[in-house]
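User: Hello! I am new to protein structures and would like to learn how to read one. Could you guide me?

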Amino acid sequence: MATKLDAVTIQILWNRLIAIVDEAATGLIRTAYTPSVKEYHDFCCALFDTSGRMLAHSTVTTAGFLGIVPEVMRNFLRKFPPQSLADGDAIITNDPWIASGHLIDISIAAPIFHRGRIVGYTLCIVHHLDMGGRMSTLASKDIYEEGLKIPILKLFEAGQLNRTIFDFITANTRVPDKILGDVRAQIVANNVCARGLKVMMDEYALDDGLEGLASEIISRTEQSLRSKIAKLPQGVYRNDVILPRIPGVDTDIKICCEMRVEGDGITVDYTGSSGEVGAAVNCCYNMTRSYTSYPFKLALDPSVPNNDGALNPITIIAPIGSIVNCRPPTATWGRTMISHLFPEIVFGAMEKVLPERVLAANGGAPANEIYLHGKHADGRSFMAISQHSGGFGGSARQDGPATLCFPNNTRNIPVEVTENESRMMYLRKELVPDSGGAGRNRGGLGQVVEYEILGGGPDGKDQVESSVRLSGRRENGNFPVSGRLGGKAGRGYGLEINDNEVDHGTSRTLNPGDRVCFRLSGGGGYGDPLERDPARVLDDVKEGRVTVEGARNDYVVVIDPATNTIDAAATAAKRKTPQAEARA
Amino acid sequence: MSEGVRLGVDIGGTFTDFTMVDTANGTVRVEKILTSTGAAERAVLQGVDRFREGQLDVLAGADGIIHATTLVINTILERKGARTGLITTAGFRDLLEIQREVRYDLYDLFIRLPEPIVPRRLRIGVTERVLADGSVRTPLNEAEVRQAARQLREAGVEAVAVVFLHSYRNNAHEKRAGGILAEELPGVLVSLSHQVHPEPKEYERASTTVLDAYVKRTMASYLDRLSDGLKERGYKRKLFIMLSNGGTTTADHAKAVPIQLVESGPAAGVEAASYFGRSMGIDRILSFDMGGTTAKLCIVEHGRAERARVFEVDRVKRFMAGSGLPVAVPVYDLLEIGAGGGSIARVDSLGLVQVGPDSAGAAPGPVCYGLGGLEPTVTDADLVLGYLGADSFLGGDMPLDLAAADAAVNKRLAQPTGLSVERVASGIFEIVNETMASAARQYVAEKGLAPSELTMIAFGGAGPVHALGLARKLGCPRVVVPPFPGVMSALGLLAAPVAFERSHSVKRLANATPPAELETLLRQLGEEARALLPAEASPEVLWYADMRYSGQDHALEVALTRPTVDDTAITRAVDAFVALYHDLYGKIDDDNPVEIASVRVVLTERGSTINLPKPTAIAPATAASHRRMIEADGSACDAPVYPRAALAAGQTIVGPALIEERESTTMLGRGDRMTVDASGALVIDVALPRRADEAVPRLNDKVNA
């Protein structure tokens, strides 16, 4: 007898679906070969019903995949409808427009057959180390420079591996063994997911398939978000911004964002934004969808697990041919230079309606990414990836934590792991005092990171290719790491090689002994710094998060460095500005 | 082990529990004594003395004392460890605060991260550098280490952790720094990261090392005083300590790296629940162990609990994975919550009643203990509600002061909130149960199970009092309360097989590892483990290899055939690995070579045979008395009180009712239906509410809350 989907059963099965994709993610991590998966966690595992609706994604994932995942699955099914699929098939692609916006991500999906028919689909997307082409650079003018494109193909046919695809990957990439190892781990993830679903369907006798459960999950999620939206004041809220200069792009890039709250839905309209550019920062629609939907879930309905239902209430208008909905063959490797800003731009529009639920800017958005490529002493090629975060934005409730990833969500790769994987040595990775934007609630501290190139190859003299991509956001330039509601901007930005300032986002050939140093800004502050309790400023000084000078200049709190106490009289006198008077 | 007696001692934050089994006939005696704070060994020795009364040679003839302790975790949760400093490679002093830079909850705007144990002002970098291959790039600047030591001494530091990059590969600098610190800071205990966790990933290693330093003084002095006290009483053998994964070590080894004991007490509980699950034939268990300070939950399937390599302590968000401080030691994969009988109830700044996570412990203890406690606790609420009897606690040996508990709840909670004493006490009971339930829901769901599939085995002093309330919230249909629930972890120490493990990293391709070298290594490890055991012991010996495809991190355990290792043994191990890999992950044609990550030797001694007293009553017991008890809906009833010893096998009692025994009380709510099993265990069918709307707890509207 089939299980009746009452409210208790739905909740149990819903939790179970999430546990299944989490187990898939565990399988992926345990069998992966590169720190990109094992440490960085730049992946997503997801589970779908037969019509391709996403029911659950792994708890460990990055926000960039949330809107992408449902699109990939639907695109796969358009090419390979259910009747063309057999048990043991797996489908692969890395086409940016079909999948996740740049070639370096490979998507692999598989139908889940149970008792002779398809009951659902499993998908695993992984950010790989390399996909050939020009290495990790914003300078590519089109997609053809960026590497190998794998169209939608069957990687497995009825359990048989299509070796031709592996041969193409091997022939086109710098570290094929590692990449194919991670591809195999993706297949493991899909196997684990399929097995988990089949066990659940047997255990709960879901003889009629997943569709009933899927509709319940998705409609409840959608209704929940819609009910939150319906409580917002109706209206049109705009936030148009000019982005910092992107290396290789001569014109200013503008993002126009109009947020329309209409009944229980929201439309975000990017009409008016800049067109495609001849640098690798163009965003495919899927990516725009992920990072535009994410801030609404975050601000309005964070406690309900995410699935297709959370995407439905958000309509996105992104003109074709603009930088937020680019066409082939534009270059897209560094698409996060644009897409990682959408949550903040949306928060800027939302600030007027929901000041209590927006964050000040994150000092590390768009995310930093480091690539290194060279030879080990034994002659093997290495490719290493790394990422470091800026300070988190202050909010209505708290100071921003130091060095915390946003809006993507990847873990740093430990210093010791990267040093084992490549020929480099970190010289420092430390918090920077006074880098957090001042505010009633301070922005989290940013950091300074410095590394030195070690010689590679058998004689220890080989050069190393390396690139560092940063946010480009300076305190006094376009689009600084802003505070909100009177909070100040975060500080500390820059990239130097051997003490000379250079552009970020391009790959360079470095010699042994070359030093690369970069700073990731602190987060923006929230609220007027003069409203910050002097006792909290003193705590920050004692802990070395704010200097005595910073306390005086940013918070107008006078601290006697000899005794580490507040000079109450001097502080009161100095804080008595016309501004402060007006408030009181 | 030879004939004689064996002792199990489980020291918790509030009580110290004792079990003694006569190995000739399996009879068991138990004791329960208040843990003496500041000098935890006093309670242990006091309990031992009680057993010695009339049997003076108990210790001299004892085969073994096995000890489990929650001292380490409680020191961390209550932040009562040493004032700790950290010395790192220059440029990396913030690694404790930078952590992994990831949000453990993708959807939480107001995410909080765990506060580092060492504040920034006590973190100092010194010049030195070892590279990934172990070569020295920059020698250790000894003057800077001395300078750092002086700076830390001036700051009043009591313990120091040293974490240098790549020390797992070359530990010379850490060792030298340790030597200098010993000279500069006599009496200050030092933890060196390569001794605590010699593996890459600096944050996890640093976090573990810092926590080790933080608890070291407390643990070392405790174990020293305990060993001395036992020696004075004629005990001649080694003192054995339970590790966090159910393995065993000696007190001397435990002292060197005390963080290994982080889950020692809970591990004993897991062993006990596994033992009972096996003996009662229950396949899927939710072990629920609630003591004075914390509650522990663990899923045991088919007699085995899962193990993990990294544990997290002190999670800041609802026990959500990733929100705590990582501790890289082998542990049972269990859930620990700061909720126990001693958890303190307070009115917070919002005017709301909060319970825990800090505990009154044994001193000053709950108000009703009359030991100076002023702040009302969960136990005080349980007393006010009538779940505990003022004159029957510890069989009447420890009278509880109901009037004082009532007055404290009134003064500190009822008056400020304008509620009645009983309403507030009910609220405390409810809040602590809900805290445990919400953490448990997530833990169970993460394992892909539903509470409805699990049988709860409830123990620990407060476990049977709160078990039915918790089971009702979770939807667990059945609760089992074993005999001696109040001292069950101590029983687990005796019943469980005693395992001694030694492992060593190998990291070589299987086909390039000379079999003879591997065999030598395994024999060495075996001898090391054997040295921990008495000469006359005849343990079972097992050899294992952890294997993986070269390039992966995670390894799978494969048994190695004894007593020799040759080429075919390695080939068989590789084949076994590939077969296991295919079972777990599907048939993946991986053409990478297989690597031996590490090898491990496990020596196992069988646990003692235990004969617990069976119900002897022939006629069903009638209530010995009645007590006013507040039910879940707030109404009062006159609940029958049954002494557990008087119950007959097969007897059925429907709640509301109270079953009292010396070390605990089982509180049956309305409709809970208890049957006495032939083994003496209480088997309770939980009266589950039928509420359709409870189904979607995760849809709670936190946004507008």
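Analyst: Gladly! Let us begin with contacts: two residues are in contact if their C-beta atoms, placed from the backbone, lie within 7 Å. Please keep in mind that this is a predicted model.

User: In chain A, what share of the contacts between residues at least 6 apart in sequence join residues at least 24 apart?

Analyst: The share is 75%.

User: How many helices and strands does chain A have?

Analyst: Chain A holds 15 helices, along with 22 strands.

User: And how do I read the overall shape of chain A?

Analyst: One way is to compare the radius of gyration with that of a compact globule. For 584 residues such a globule would have a value near 25 Å, and chain A agrees because its own value is 25 Å. Along the principal axes, the C-alpha trace of chain A spans about 80 × 65 × 45 Å.

User: Which domains is chain B divided into?

Analyst: Chain B has domain 1 (5-77 + 220-261), domain 2 (84-215) and domain 3 (498-605). The C-alpha centres of domain 2 and domain 3 of chain B are 32 Å apart.

Key:
Residues numbered from 1 in each chain as written. Chains lettered and ligands numbered in written order. Predicted model: local features only at pLDDT ≥ 70, side-chain atom pairs only at ≥ 80, totals over all residues. Domains from an automatic or database assignment. Helix = DSSP H or I, 4+ residues; strand = E, 2+ residues; numbered from the N terminus. Rg over C-alpha atoms; globule rule 2.2 N^0.38 Å.
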